[in-house]
Amino acid sequence: MANVEINLPLPVLPEGWAGEKDFKPTGSISKTNDRKIEPVGPHFLAYARRVRHKRTFSEDERIQAQANVKSVEEEDPDDIDEPEDPQMLLREAKDWKSQDHYAILGITRYRWKATPEQIKRAHRRKVLKHHPDKRAAAGGTEDDQFFKCIQKAHEVLSDPVRRRQFDSVDEAAEVDPPSKKQTQQGNFYKLWSKVFEAEGRFSTKQPVPKLGNAKSTKEEVEHFYNFWYNFDSWRSFEYLDEDVPDDGESRDQKRHVERKNNAARKKKKTEDTARLRHLVDDALALDERIKLFRQAEHAEKNKRRFAKEAEQKRLAEEAAKAKEEEARLAKEAEEAEKAQKAEGKKAKEAAKNAAKKNKRVVRGAVKDANYFHAAGDAPASQVEAALNDVDAIIAKIDNTELATLAGKLNNEKDAGKIKDIFKTEDERLGLGSKSLA
């Protein structure tokens with residue numbers, strides 16, 4: 001049990017205080033009592049530890065802080081503190097927006113992949129290491145600027161919305177695309193996979209397809225590039241916004257800053273979309289699988305073309321043989337008909353002469369009908385059209401039909417009837433002659 005003496009003297013009233021004239025005491029202060037205070041719980045354990053090891057308050061606090069750091073390290077054997085940049089330790093807390101929050105907490109090896117639990121443990125280690133009280137107990141300064149940077153980093157990274165905003169502009173997490181020379185050295189899949197993995201953190205659609213390897217199928221490769229050419233990015237740039245003034249009286253200034261921030265976001269978004277499109281174009285141009293797929297398609301086209309040409313050649317040969325056979329049969333038929341032709345020569349000559357006569361009659365009837373013109377001399381265009389239409393009729397009918405038509409027109413002088421005869425024949429043949437319309 002501890003004996004603690006607490007001296008609490010009453011404060012001295014200042015001269016000229018407000019109640020000096022009108023003050024009337026209503027009672028008296030009781031006498032002080034000595035009371036024994038016994039520490040309990042963790043306070044008793046701390047007291048017993050200090051008595052046992054004969055430590056002062058500051059010594060015990062320093063030793064306990066070191067023990068806590070050691071216990072945290074033992075609890076998290078996989079979490080290794082990264083070396084701290086001396087310049088980083090000199091950061092001003094007011095410049096928190098430009099600081100690398102992952103570097104402040106010592107988890108740059110994880111960055112956007114860090115889990116909430118890893119961020120929590122990293123924050124705890126940094127707090128135990130850089131708490132101002134611990135530094136003061138160790139004989140150092142009580143400067144708390146870097147400690148405030150640690151608190152700000154934890155505040156941003158533990159908030160999903162603010163962390164996403166920071167990850168959106170985290171340049172340290174970006175992976176530069178490899179050069180053409182590096183790609184040609186045979187590291188295409190290894191180098192470009194890292195690039196697309198880093199870019200894939202901005203995709204609203206998860207999971208993001210993998211680049212694959214030389215054994216990937218054409219469907220997998222096409223799906224990969226289609227995904228990136230239609231990439232839906234959640235990336236925003238609010239973190240880079242200019243601070244909007246909180247002064248309620250500066251509404252115009254506030255609106256101006258908000259419009260300025262919106263314009264800057266849209267510009268950065270457009271630039272980022274163009275950058276990503278150019279990046280995908282470069283990867284597609286260097287992807288050997290695309291060349292192999294194109295070569296395979298070209299070979300398949302050639303194969304189909306050769307097969308088509310071979311089929312056409314076979315059909316041509318068969319057609320030639322059929323033509324030869326047809327010519328042979330035609331020759332035999334021609335020789336067989338020679339005798340009949342000789343006998344029917346006179347009849348044909350007579351039929352031919354009759355056809356010529358019938359044609360003269362038909363053409364003469366056109367002239368008698370004034371070339372189907374209503375009144376007056378028919379113009380040259382009407383004459384030519386009428387003769388062409390009649391020749392078309394003559395060409396479509398045989399000698400028997402020609403003779404029948406000539407018989408109808410023979411000795412007919414009425415232009416209207418002649419036109420009706422020709423029009424009837426034209427409709428029967430379905431010629432639709434314009435001169436007879």
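The axes of helix H12 (residues 288-343) and helix H13 (residues 345-368) cross at roughly 60° and come within 4 Å. Axes are lines fitted to C-alpha atoms, for helices over the stretch in contact, with angles from 0 to 180 degrees between N-to-C directions; helices are DSSP runs (H or I, at least four residues) numbered from the N terminus. H12 is therefore oblique to H13 (under 35 degrees is roughly parallel, over 145 roughly antiparallel, 65 to 115 roughly perpendicular, the rest oblique). Lys341, Ala342 and Glu343 of H12 make the contact with Lys345, Lys346 and Lys348 of H13, where contact means heavy atoms within 4.5 Å.

The model is predicted: local features need pLDDT of at least 70 and side-chain atom pairs pLDDT 80 or more, while totals for chains, interfaces and linings use all residues. Residues are numbered from 1 along each chain as its sequence is written, and side-chain values use heavy atoms, without hydrogens and water.

The largest nonpolar core has 22 residues, and Val362, Val366, Phe372, Val390, Leu405, Leu409 and Phe422 touch the most other members. Such a core is a set of buried Ala, Val, Leu, Ile, Met, Phe, Trp, Tyr and Cys residues joined through side-chain atoms within 4.5 Å; buried means under 20% relative accessible area (1.4 Å probe, protein chains only). H13, helix H14 (380-396), helix H15 (399-409) and helix H16 (415-429) each give two or more residues to this core. Beyond its neighbours within four places in sequence, Leu409 is in contact with Val362, Ala365, Ile418, Ile421 and Phe422. A second, separate core of 21 residues includes Val195, Trp234, Ile290 and Phe293.

In H5, the buried residues include Gln118, Ile119 and His130.

Methods
Buried < 20%, exposed > 50% of the residue type's maximum accessible area, 1.4 Å probe, protein only.
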